[in-house]
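The following report examines a single protein chain, from individual residues to the overall fold. The structure is shown first.

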Amino acid sequence: MISIFRTNIQSGVELSKIAQHLNNLLSGATWSVDLGDSDKILRIDSSIDKIGDAVSLLTKFGYDCENLQNFYAPPVW
């Protein structure tokens with residue numbers, strides 16, 4: 001599943017403050033934040049649904065995190 005979020009993370013310094021927490025939360029997943037995008041897009045690619053956890057984590061650190069879209073890939077056989 002790929003989840004796309006709008007955030008208000010503004011800089012690499014802010015991102016570095018939460019990166020280790022995201023790595024721990026999203027173990028086994030890949031994630032990135034596009035700081036060059038006006039919506040500061042957080043993209044999570046994970047086989048496990050972590051939407052609620054990711055939103056809670058960013059909110060805990062004082063960031064906005066709005067889920068924009070989820071893409072569900074068919075199972076690979």
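This is a predicted model: local features need pLDDT of at least 70, side-chain atom pairs count only at pLDDT 80 or more; totals for chains, interfaces and linings use all residues.

Apart from neighbours within four places in sequence, E14 is in contact with N8, I9 and Y63. Its C-alpha atom is separated by 14 Å from that of G36, a residue 22 positions apart from E14 along the chain.

K17 also lies in helix α1. The relative accessible area of K17 is 55%, and K17 is therefore exposed, the cut-off for that class being over 50%. Between K17 and S3 the C-alpha to C-alpha separation is 21 Å, for a sequence separation of 14 residues.

## The loop between β2 and β3

Two residues of this loop are described here. D39 is found in the loop between β2 and β3, and K40 has its place in the loop between β2 and β3 as well. How are they classed by accessibility, buried or partly exposed? D39 is partly exposed, at a relative accessible area of 26%, whereas K40 counts as buried because its relative accessibility is 12%, and the buried class is under 20%.

Leaving out neighbours within four places in sequence, D39 has contacts with R6 and T7. D39 and L68 are 29 residues apart in sequence, and their C-alpha atoms are 10 Å apart in space. Most residues other than glycine have a negative phi. In K40, by contrast, phi is near 45°, a positive value in a residue other than glycine.

## Strand β3: R43

R43 is found in strand β3 and is partly exposed, with a relative accessible area of 34%. When residues up to four places away in sequence are not counted, R43 touches I2, S3 and I4, together with T30, W31 and S32. The chain separates R43 from M1 by 42 residues, while their C-alpha atoms are separated by 10 Å.

## The nonpolar core

The largest nonpolar core comprises 19 residues, of which W31 and L58 touch the most other members. Which elements give two or more residues to this core? They are α1 (12–25), β2 (30–34), β3 (41–45) and α2 (51–60).

Not counting residues up to four places away in sequence, L58 touches T7, I9, I18, L22, L42, Y63, D64 and C65. Among these, Y63 and I9 are also in contact with E14, and T7 is also in contact with D39. W31, named with L58 as a residue that touches the most other core members, is one of the residues touched by R43.

Rolling a probe the size of a water molecule over the atoms shows where empty space is left. A search of the whole structure returns 1 cavity of 30 Å³ or more. About 30 Å³ of space lies in the largest cavity.

Which residues line the largest cavity? The lining consists of M1, S3 and F5, of I44, S46 and I48, and of D49, K50 and I51. By class, the lining residues divide into 5 nonpolar, 2 polar and 2 charged. S3, one of the lining residues, is also touched by R43.

## Overall fold

The protein chain contains 2 helices and 4 strands, which follow one another along the sequence in the pattern β-α-β-β-α-β. The radius of gyration is 12 Å, close to the 11 Å that the globule rule gives for 77 residues, so the chain is as compact as a globular protein of that length. Along the principal axes, the C-alpha trace spans about 40 × 25 × 20 Å.

Of the 77 residues in the protein chain, 32% are buried. Among contacts between residues at least 6 apart in sequence, 70% join residues at least 24 apart.

Conventions:
Residues are numbered from 1 along each chain as its sequence is written. Side-chain values use heavy atoms; hydrogens and water are left out. On a 1 Å grid over the protein atoms alone, a cavity is a set of points where a 1.4 Å probe fits but cannot get out, and a pocket is an open set with protein on both sides within 12 Å along at least five of seven lines; lining residues have an atom within 4 Å of a point. Grid points are joined across faces, edges and corners, and a volume is the space filled by probe spheres set on the points. Ala, Val, Leu, Ile, Met, Phe, Trp, Tyr, Cys and Pro count as nonpolar, Asp, Glu, Lys and Arg as charged, and the others, Gly among them, as polar. A nonpolar core is a set of buried Ala, Val, Leu, Ile, Met, Phe, Trp, Tyr and Cys residues joined through side-chain atoms within 4.5 Å. Buried means under 20% relative accessible area, exposed over 50%, partly exposed in between (1.4 Å probe, protein chains only). Contact means heavy atoms within 4.5 Å. The radius of gyration is taken over C-alpha atoms; the globule rule is 2.2 Å times the number of residues to the power 0.38.
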